[in-house]
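Please look over the two chains shown below before reading on. The notes after them are arranged by topic.

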Amino acid sequence: MAYFQNMKKKTELLKDKKDILILAIESSCDETSVALVRNGREVVSNVISSQIDIHKEYGGVVPEIASRKHVEVINYIVDKALSEANINLNELDAVAVTYGPGLVGALLVGVAMAKGLAFGLKVPLIGVHHIEGHISSNYIHNPDLEPPFLCLVVSGGHTMLVCVEDYCKYRLMGQTLDDAAGEAFDKIARVIGLGYPGGPAIERYAKDGDPTKYDYPRVNIKGKPYDFSFSGLKTAVINHVHNMKQAGEKVNINDIAASFQQAVVDVLVEKSINCANELGIDKLAIAGGVSANSLLKDQMNSLAGQHGIKLYTPSIILSTDNAAMIGSAAYYRLLRGEISDLSLNAIPYLSLSSLN
Amino acid sequence: MWYNTDYNLSDKIYFLLFTNEVAAIVLISCNEKDTQNIGYYIGQRVKAGDIILLYGDLGSGKTVLTRGIAKGAGVESRVTSPTFIIMNQYPGNCPIFHFDLYRLSDSEELYDLDFEDYLYGDGIAIVEWPEKMAELLPKEYLKVTINKLEDDDNKRIIKISSYGEKYESYKEVFKGYESTCR
């Protein structure tokens with residue numbers, strides 16, 4: 001109790017501080033990541049477990065989904081983020097952490113670490129929604145981006161359109177009713193024998209294919225113009241491949257990859273632009289792993305241009321799960337005095353409505 | 001394959017098959033909506049503490065069936081694919097744990113997820129891709145297998161069978177399903 005009251009006071013004082021340095025932790029799924037972010041937009045360091053050869057440097061293993069593996073490496077990743085930035089623990093102004101949604105065991109590792117650090121260093125603790133982090137990745141890569149804007153969050157686990165009305169103020173416009181777009185990429189890649197991760201593989205094979213060869217379904221949901229559904233598309237492609245094999249036809253992987261990718265991108269682009277137009281918003285951002293897809297970026301950019309909408313995308317490293325985006329989101333929460341108590345807990349199925 | 005026997009769709013939709021080890025109920029689903037209805041029917045009849053293992057290829061409708069089961073068990077929010085996140089939890093008449101083990105490389109990772117605590121917990125555990133469970137396969141469970149029909153992309157054969165005494169009575173419980181197939 002005393003901690004929280006003191007931190008409330010401290011947060012008020014921080015608002016007048018010139019530079020605010022936040023240590024952020026993200027461990028919601030496969031990656032353990034720790035970053036140091038200054039003033040919400042400047043990344044001082046951003047260490048992601050899969051990006052470094054932990055086995056070589058540390059003798060441990062790269063975390064997969066396992067919380068135990070997050071435990072094994074998190075101290076090392078915190079140290080590395082600090083040493084890369086040449087920053088001392090007592091220079092930190094606040095500690096931020098993803099508290100959901102995600103795998104509960106994985107989240108807990110980050111949350112426990114962040115609480116320990118915040119309490120020990122006597123600095124404010126900020127719990128951040130994972131999706132808010134993805135959206136905020138665009139603040140880092142695009143220094144001129146300010147709300148309001150529309151954001152398409154599209155990754156292996158999420159597909160949604162969020163209207164960012166102001167910093168920390170969000171309106172969910174639509175989301176996937178079944179599979180995420182990135183998940184569809186991974187599964188179709190597996191079906192046509194391209195391996196994991198599916199996104200880059202599909203994109204590579206699609207380059208030599210005909211995107212108009214097969215007319216795969218683009219799903220629109222009655223009465224919910226901005227919701228997505230990729231499960232039917234997945235099944236249609238699987239059936240198509242299966243039927244071709246049954247009939248003894250030659251399966252052209254390039255054409256299937258290209259036609260499938262085109263179907264996904266068409267839906268993502270059309271719904272995003274329609275939504276921006278309806279809201280009368282002239283700024284559109286893409287976040288999440290699928291934002292690395294060139295066809296999506298190119299097609300979105302060209303249609304956005306025709307409608308007088310400016311497109312923003314994060315760098316590839318910021319599009320994947322990383323802690324810098326959490327540090328950026330946390331900065332704007334801190335400025336609003338929205339900090340967490342030490343009772344902060346991991347919430348695996350945290351909904352987007354809890355963002356506001 | 002035993003399920004390629006002749007059946008008359010306009011007739012009673014379910015029938016019982018007795019194999020050596022278990023009795024199975026076989027239902028025909030005509031489309032996605034029907035698969036969800038079958039799930040709903042199952043969901044209304046299963047109880048806290050039950051384990052349902054879902055077998056079937058990519059795109060066969062496991063998540064659709066789960067959506068129905070969850071709805072039948074009192075879940076109000078929409079069930080989406082848990083592939084990326086491995087498990088989703090929903091509040092219903094009891095907690096519903098929806099697992100998708102597709103992304104796992106081996107059963108070792110399940111220990112780190114406290115998988116058994118959910119499996120033998122106070123809710124209904126629904127597991128997609130249970131092939132990945134290996135030695136963690138429970139002794140007693142309800143097995144649901146979804147197979148596509150060779151000649152129709154939309155139809156599915158859904159086979160429900162029980163493993164272990166605990167689920168023996170479900171054979172009778174599931175018998176009364178009236179198909180919405182037209």
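What follows is a briefing on the domains, the chain interface and a few selected sites.

This is a predicted model, in which local features need pLDDT of at least 70 and side-chain atom pairs count only at pLDDT 80 or more, while totals for chains, interfaces and linings use all residues. Residues are numbered from 1 along each chain as its sequence is written, chains are lettered from A and ligands numbered from 1 in the order in which they are written, and side-chain values use heavy atoms, with hydrogens and water left out. Chain A is divided into domain 1 (2-136 + 319-355) and domain 2 (147-313), with bounds that come from an automatic or database domain assignment.

**Domains of chain A**

- The C-alpha centres of domain 1 of chain A and domain 2 of chain A lie 30 Å apart, and their contact (heavy atoms within 4.5 Å) takes 14 residues from domain 1 of chain A and 16 residues from domain 2 of chain A.
- Between domain 1 of chain A and domain 2 of chain A about 1,300 Å² is buried, with carbon and sulfur atoms giving 72% of that area; buried area here is the accessible area (1.4 Å probe) that two parts lose on being put together, summed over both.
- I135(A), S319(A) and L352(A) supply 39% of the area that domain 1 of chain A buries against domain 2 of chain A, more than any other three residues.
- On the side of domain 1 of chain A that touches domain 2 of chain A, the elements that give two or more residues are α5 (130-141) and α12 (324-335) of chain A, and the largest share, six residues, comes from α5(A).
- Helices (H or I, at least four residues) and strands (E, at least two) are DSSP runs, numbered from the N terminus.

**Interface of chain A and chain B**

- 31 residues of chain A are in contact with 26 residues of chain B, and the two chains bury about 2,500 Å² between them, 52% of it on carbon and sulfur atoms.
- The count between chain A and chain B is one salt bridge, in which the side chains of D30(A) and R103(B) meet at 3.0 Å, N to O.
- Nine residue pairs, both at pLDDT 80 or more, are in polar contact across the interface of chain A and chain B.
- The elements that give two or more residues to the side of chain A that touches chain B are α3 (67-85), α6 and α8 (231-246) of chain A, and α8(A) gives the most, with seven residues.

**Chain B**

- The secondary structure of chain B comes to five helices and eight strands, which run β-β-α-β-α-β-β-α-α-β-β-β-α from the N terminus on.
- Buried residues make up 57% of the 182 residues in chain B, where buried means under 20% relative accessible area, exposed over 50% and partly exposed in between (1.4 Å probe, protein chains only).

**Selected sites in chain A**

- V162(A) is found in strand β7 (residues 159-166) of chain A and counts as buried because its relative accessibility is 0%.
- Leaving aside neighbours within four places in sequence, V162(A) is in contact with residues including I135(A), F149(A), Y170(A) and L352(A).
- S33(A), in strand β2 (residues 33-38) of chain A, is buried, with a relative accessible area of 0%.
- The side chain of S33(A) reaches the backbone oxygen of V47(A) at 2.9 Å and the backbone nitrogen of A323(A) at 2.9 Å.
- The buried residues of helix α7 (residues 198-206) of chain A are G198(A), A201(A), I202(A), E203(A) and A206(A), and they pack against α6 (181-191), α9 (253-279) and α10 (294-306) of chain A.

Terms used
A salt bridge is a side-chain nitrogen of Lys or Arg within 4 Å of a carboxyl oxygen of Asp or Glu. A polar contact is a pair of N or O atoms within 3.5 Å; within protein, one must be able to donate a hydrogen and the other to accept it, and residues adjacent in sequence count only if both atoms are side-chain atoms.
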